[in-house]
Amino acid sequence: MYLRAILPLLALILAGETVAAVSSEYQTATQARISGTYVMVVFANGSKAMVPIASLKPEDHEWLVALSRQKPMAGGKSTVTIVAAESPVAKTKNTITVSSVEGPLETIQLCPPNVMRDQIGGTCMLYARIHWLDIAGYYTQTPEIYKIINGTPPDSPWSEPRYVEGLFSVFTSHKPSPARHRLPPQEEPFEWARSQLRKGRPLLAAFPREIWQALPPGFIAAHSWSGGTVGHQIVINGFTWNKETRKGTFRIINSWAELPEFDLTTEAAGGGALVIEESLSPIGEVSKEPAGGPGKEVVKSIRLIKPVGAVNLYEVETTHGTRRMVAASEDAVRELVEKP
């Protein structure tokens, strides 16, 4: 059986003319896995792709099938849930799983994402949004994610226009359109964050500097890599708060398989280590608040505060006020603020 499994690959290797017939983009493939009507591929540079089998020419299909037998790509732990189409009037999702007050201690916990995902390369901005939407009841299927990230540079996905467009299309592809609420400039960020979580709204947030400073000590002790100086996008789906000691935690939803979620203390989150950006209404929520503030938001000025690895921390003044944002460039800031 073993010999039969590797014969197709050996045949391709020995027949130089057959290998030459394989498309150049697949000749550097090092692992593969057939999954339904798609083939998952890992390339020599560490990038991954999800390719529809129907799109492959015969030589490419034969090559990848042989590779999947000889060097199979490990299956992921995530599962894909197909959500049945809803009626035009969406049902309201109750995201709150814990809401309690015991003496001075308040605890709010929202549901986790339906699927916990592991980001590929530096795609945390996309994967955080996928988790954020998931908690609120807006599900994104795995093939749609791969359409956005396939072919993007793993260390600088924001340089690929399709990836930047995907940061918006994951919202606009849903009906009804998700209601986003930006942090009002006059609000204290952590107080506002807690008020939003009490309403069942998960939060999009970021670590704009050395993220190792905010990670659990046990995780740091077990990993020689510090996390570097690259900013990192995450989601918040809960908190604890002691009104007497004025201390608490935020529950972080992450996009690393080795650290999918953890509690961040308010002390570690202070001093700009954690930046609160937006909240998201659960699907079906009826709210009198205008999503994103009154009227269309327009950028008035952008000031670079400091580089944070491959991205930057900006202070952005808009028609809705002033706030801080993590983005790859000033153009990316304008896209994130002004594009619906």
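Is Glu 191 buried, partly exposed or exposed? At 32% relative accessibility, Glu 191 counts as partly exposed (buried means under 20% relative accessible area, exposed over 50%, and partly exposed in between, with a 1.4 Å probe and protein chains only). The model is a predicted one, where local features need pLDDT of at least 70 and side-chain atom pairs count only at pLDDT 80 or more, while totals for chains, interfaces and linings use all residues. Residues are numbered from 1 along each chain as its sequence is written, and side-chain values use heavy atoms, with hydrogens and water left out.

Glu 191 pairs up with Arg 246 in a salt bridge, with 3.5 Å between the closest N and O atoms (the cut-off is a side-chain nitrogen of Lys or Arg within 4 Å of a carboxyl oxygen of Asp or Glu). Arg 246 sits in the loop between strands E8 (232–242) and E9 (247–256) and Glu 191 in helix H8, so the bridge ties together parts 55 residues apart in sequence (helices are DSSP runs of H or I with at least four residues, strands runs of E with at least two, numbered from the N terminus). Arg 246 is partly exposed at 48%.

Across the whole structure, a search turns up twelve salt bridges. One of them joins Arg 198 to Glu 106, with the closest N and O atoms 2.8 Å apart. Since Arg 198 belongs to helix H8 (residues 189–198) and Glu 106 to strand E5 (residues 105–110), this pair ties together parts 92 residues apart in sequence. Arg 198 is partly exposed at 36%, whereas Glu 106 is buried at 15%.
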